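Hi,

Here is the structure I promised to pass on to you.

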Amino acid sequence: MTDLSRIGEREKLKPRKGDEPHWQRLRRGSYLGYRPSKRGVGGIWFVRALDQDKGCYQRKKLGDYALLDRHEIFGQARQDAEIFTRSVESGGVAVRTLITVADACIAYAEGKPASVGILNRTVYSDPIAKVSLDKLRRHHLRSWRKRLEETPALITRNKGGKTRTKPRAPSTVNRDMVPLRAALTQVLSPGAPNTEAAWQEALKPNKGADKRRTLFLDREERRQLLAACDRESEPFVRGMCLLPLRPGVLAGLRAADFDRRTRSLTIGTDKTGTPRQISLPPSAADFLVSQLDGKLPAAPIFTRDTGSPWNKDSWKHPIKIAVRKAKLPDEVAAYTLRHSVITDLVRAG
């Protein structure tokens, strides 16, 4: 029986007719293959897995693992073979089409609008997108991360078309790496530590980059902020002063999410991803009723003058202007209001 884990035995193998690999059984329905090079140096690895639904074997080329040390190659090939086998056993049609990093990201981001936006900016237009998953190594991702860190972050674009940028903060880099790391985790096993196969090591978050949001605005300061808001942004900012929600969640609320009879609000897009309901006090409930006048169930509760919903690029500029007018600390942002509201609720028991 062929033992591909032994370097000496692999090096003694001869090419077969028709370029058929030498196969080693990993488990029932899963085989790891090795086709030695006709030049006598190295070879190509393969996997074949039994597709019970189709009654035949599915086969995939894994690559030559030329960047790994010889003693690391079998372990990595076996991991990749197991991932492919599991995908075939669970239906695996889609997995067999995931060839490049971009393919993995597209599959992961389906139904995740926030991730699509980040991947559009950081992956799809970058050389990393075209790298084959079976050839992806730590140095590819280190280079991608370096390019990301050196790309300025967009602050705003004014009506004249000019853009304002700033150096990309470590906390921003951490957030921008999340979708790519999640996409690769779904299709690749972690490589052996301190080797080129350890692709995951290049995507470790920067430690201590995310500062805690401890800035607090009392009720009077929040009233000052509301008074300084323009007519368009005031309802959205008032909503943040009344409801303990993340700005993105507040912006995503639809008219159908609020039940006037029970004064309850259904939240299905919060960070946890699970729907939940909160009961509102009369002041908050009456405020939401005032925002629903003439709106269809699918319409956003909070809209801009154009009828479009709010997003982080549209709310941060008017809030900054209001902060300056109210002479509040420059660090005040949309999340400051959520922290302040939650603090009040905790203090009130």
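The largest nonpolar core in this predicted model has 38 residues. Val-237, Leu-265, Leu-280 and Leu-288 have the most contacts inside that core. Quite a few elements give two or more residues to it: helix 7 (219-228), helix 8 (234-242), helix 9 (247-251), strand 8 (264-267), helix 10 (282-291), helix 11 (312-325) and helix 12 (334-347).

Leaving aside neighbours within four places in sequence, Leu-288 touches Leu-243, Phe-258, Leu-265, Leu-280, Ile-301 and Phe-302. Two of the names in that list, Leu-265 and Leu-280, also belong to the group with the most contacts inside the core.

Apart from this core lies another one, made of 27 residues, including Leu-98, Ala-109, Trp-144 and Met-177. As general background, nonpolar side chains tend to be buried together in soluble globular proteins.

Next, the sheet that strand 8 belongs to. Three strands form an open sheet in the order 7-8-9, and the pairing is antiparallel. Strand 7 (258-259) and strand 9 (276-279) are the edge strands, each pairing on one side only.

Between strand 7 and strand 8 there are two bridges. Here Phe-258 sits opposite Leu-265, and Asp-259 sits opposite Ser-264. The hairpin of these two strands has four residues between them, and Arg-263 takes a positive phi near 55 degrees in that hairpin. How do helix 4 and helix 6 pack, and at what angle? Helix 4 (residues 113-122) packs against helix 6 (residues 170-187) at about 100 degrees, with the axes 9 Å apart, which makes helix 4 roughly perpendicular to helix 6. From helix 4, the residues that meet the partner are Ser-115, Ile-118, Leu-119, Arg-121 and Thr-122. Helix 6 brings Arg-175, Asp-176, Pro-179 and Leu-180 to the contact. By class, this contact has four nonpolar, two polar and three charged residues.

Happy browsing, and do write back with any questions.

Best wishes

Methods. Residues numbered from 1 in each chain as written. Predicted model: local features only at pLDDT ≥ 70, side-chain atom pairs only at ≥ 80, totals over all residues. Heavy atoms only, no water. Core = buried A, V, L, I, M, F, W, Y, C linked by side-chain atoms within 4.5 Å. Buried < 20%, exposed > 50% of the residue type's maximum accessible area, 1.4 Å probe, protein only. Contact = heavy atoms within 4.5 Å. Axes fitted to C-alpha atoms, helices over the stretch in contact; angles between N-to-C directions. Parallel < 35°, antiparallel > 145°, perpendicular 65-115°, else oblique. Nonpolar A, V, L, I, M, F, W, Y, C, P; charged D, E, K, R; others polar. Pairing = 2+ DSSP bridges.
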